[in-house]
Amino acid sequence: MKIVETENLTRIYGSGEAQVNALDGVSLHVDTGEFVAVMGPSGCGKSTLLHLVGGLDRPSKGVVKIEGQDLSNLNDDDLTDLRREHIGFIFQFFNLIPTLSALDNTALPLVLGGMKPGDAQAKAAEWLAKLEVADRSTHRPEELSGGQRQRVAIARSLVTDPTLILADEPTGNLDSKAAQEFAALLREIVDRWERSILLVTHDPRISSYADRILQMKDGRITEQTENKRKGGNHA
Ligand SMILES: Nc1ncnc2c1ncn2[C@@H]1O[C@H](COP(=O)(O)OP(=O)(O)OP(=O)(O)O)[C@@H](O)[C@H]1O
Ligand SMILES: [Mg+2]
């Protein structure tokens, strides 16, 4: 099943001489249980693409479908619900809330979705355990290592059981060992829990864990590579 499908996706910023065609007719899909990496030079439209796919921004032209649902048919409230229920975001700097414990950071998307705090914390604790950071539940982000913060950010992105995870340069500020551990963890999430991932990265060692790599340039997809072995060629 296609979790994500875009057709001729276009995003134009500004107008006149200041006009930027950030995204220029991108058609792509991500299947269930598929890990797709997007690569390309700075400014080529990668973040713009993720924002449109995640319903954080609206296209100038073209279509985004999530699980067959055309996002242009949804009003802002429905879009918020769809994001909350189906999509997990991991951002470059993880965006953990500094004053909240790892447990409360992880529980937050459920609490915002209206779940009782106790139930949300129980679910959050399960995910922190799956990601092997249960013993850091009471720590605030500043008391965690970079790798532990990452795991908390992943736990938070998975706590709502999203079918789709969108990750924008999530390894941008990590050393190469931590970045590879992170990629391996995402691979495991796709394989064990049948999630789909669309991930932006500059790092070929990270994209080697993906099933497919899309190369972008000037707002377009210029090349597509299938990684040889299902599960990535990261031997
Ligand atoms: N709000 C905005 N207004 C005007 N132009 C924008 C806006 N956001 C992005 N752009 C432009 O759109 C283009 C694509 O930006 P985008 O952030 O998608 O690039 P990117 O591929 O994610 O780059 P990077 O690797 O540096 O994060 C760039 O030329 C950028 O300057
Ligand atoms: Mg970007």
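In the predicted model, Asn8 belongs to strand β1. Its backbone carries a positive phi of about 50°, although Asn8 is not a glycine. Asn8 has 13 C-beta neighbours inside 10 Å and therefore counts as partly exposed, since that class lies between the limits of 12 or fewer for exposed residues and 20 or more for buried ones.

Strand β1 is part of an open sheet of 4 strands, arranged in the order β2-β1-β4-β5 with antiparallel pairing. β2 and β5 (69-70) form the edges of this sheet, each pairing on one side only. β1 (residues 2-13) and β4 (residues 61-66) run antiparallel and are joined by 5 bridges; here Thr10 faces Lys61 of β4. Between β1 and β2 there are 9 bridges, again in the antiparallel sense, and Arg11 stands opposite Leu23 in β2. The hairpin of β1 and β2 has 6 residues between its strands, and within it Gly14 adopts a positive phi near 65°.

Gly14 is also one of the residues around ligand 1. Two elements, β2 (20-31) and α1 (46-53), each contribute at least two residues to the shell. The largest contribution comes from α1, with 3 residues.

Helix α1 also lies across strands β3 (35-39), β7, β8 (196-200) and β9, and it runs at about 150° to β8. These strands belong to an open sheet of 6 strands with mixed pairing, in the order β6-β7-β8-β3-β9-β10. The edge positions are held by β6 and β10 (220-226); each has a single partner strand, so one side of each is left without a neighbour in the sheet. From one strand to the next, the twist averages 20°. Strands of a sheet pair through backbone hydrogen bonds, in either a parallel or an antiparallel arrangement. At one end of the order, β9 (residues 212-217) and β10 pair in the antiparallel sense over 6 bridges, with Ile213 placed opposite Thr225 of β10.

Among the helices, α5 (residues 146-158) was examined for length and burial. At 1.5 Å a residue, its 13 residues should span 18 Å, and its end C-alpha atoms are 18 Å apart, so the two values agree. The helix is mostly covered, as 10 of its 13 residues are buried. The buried residues are Arg149, Gln150, Arg151, Val152, Ala153, Ile154, Ala155, Arg156, Ser157 and Leu158. They pack against strands β6 (87-90) and β7 (164-168) and against helices α3 (102-112), α4 (117-130) and α6 (176-193). An α-helix has 3.6 residues a turn, so residues three or four places apart point the same way.

The loop between α4 and α5 contains Glu132. Phi of Glu132 is near 60°, a positive value in a residue other than glycine. Glu132 is exposed because 12 other C-beta atoms lie within 10 Å.

Helix α3, against which the buried residues of α5 pack, has buried residues of its own: Ala102, Leu103, Asn105, Thr106, Ala107, Pro109 and Leu110. The elements that cover them include α2 (76-86), α4 and α5. Leu112 is likewise located in α3, but with 12 C-beta neighbours inside 10 Å it counts as exposed. Just after α3, Gly114 takes a positive phi of about 100°.

Methods
Residues are numbered from 1 along each chain as its sequence is written. Chains are lettered from A and ligands numbered from 1 in the order in which they are written. This is a predicted model: local features need pLDDT of at least 70, side-chain atom pairs count only at pLDDT 80 or more; totals for chains, interfaces and linings use all residues. A residue is near a molecule or strand if its C-beta atom, placed from the backbone, lies within 6 Å of it. The expected span of a helix is 1.5 Å times one less than its number of residues. Two residues are in contact if their C-beta atoms, placed from the backbone, lie within 7 Å. Two strands pair if DSSP finds at least two bridges between them. Axes are lines fitted to C-alpha atoms, for helices over the stretch in contact, and angles run from 0 to 180 degrees between N-to-C directions.
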